[in-house]
Amino acid sequence: MATVKVDNSNFKSAVLDAEGPVVVDFWAEWCGPCKMIGPSLEEISNELAGKVTITKLNIDENPELAAQYGVRSIPTLMIFKGGEVADIKVGAAPKTALSSWIGNAA
């Protein structure tokens, strides 16, 4: 399953009301490290399909959500469980580290 784009209109249903764990990648088009981890997140999304949902939220298009969750630098990854933030990872990381971090939440 590919990553899912979220924004103000579907954040509640796709993230807060989701059944299982959801990873939100707070990113922006101009962010080099964000683009660097993008392909890894796509691969992890496929590998963990059915266990965890990986979403992407563009902070330039949704600044109020980024502010609401205190995003100060990007990429910021947050794992949501039951509508609450369960863990946060700031900065780019290799696929193995991301996969391990996300896998522990699944």
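Let me begin with a definition: a residue is called buried under 20% relative accessible area, exposed over 50%, and partly exposed in between, with a 1.4 Å probe and protein chains only. What we have here is a predicted model, in which local features need pLDDT of at least 70 and side-chain atom pairs count only at pLDDT 80 or more, while totals for chains, interfaces and linings use all residues. Residues are numbered from 1 along each chain as its sequence is written, and side-chain values use heavy atoms, with hydrogens and water left out.

I will start with the aromatic rings, where Phe, Tyr and Trp (its six-membered ring) pair if their centres lie within 6.5 Å, planes under 30 degrees apart being stacked, over 60 edge-to-face, and the rest tilted. That rule gives four aromatic pairs. In one of them, Phe11 and Tyr69 have ring centres 5.7 Å apart and planes at 45°, so this pair is tilted. Phe11 belongs to helix α1 (residues 11-16) and Tyr69 to the loop between α3 (63-68) and β4 (76-81), 58 residues apart, where helices (H or I, at least four residues) and strands (E, at least two) are DSSP runs numbered from the N terminus. Both Phe11 and Tyr69 are buried.

Tyr69 also pairs with Phe80, and here the centres are 5.3 Å apart with the planes at 85°, so the pair is edge-to-face. Phe80, in strand β4, counts as buried because its relative accessibility is 1%. Together, Phe11, Phe26, Tyr69 and Phe80 make up one aromatic cluster.
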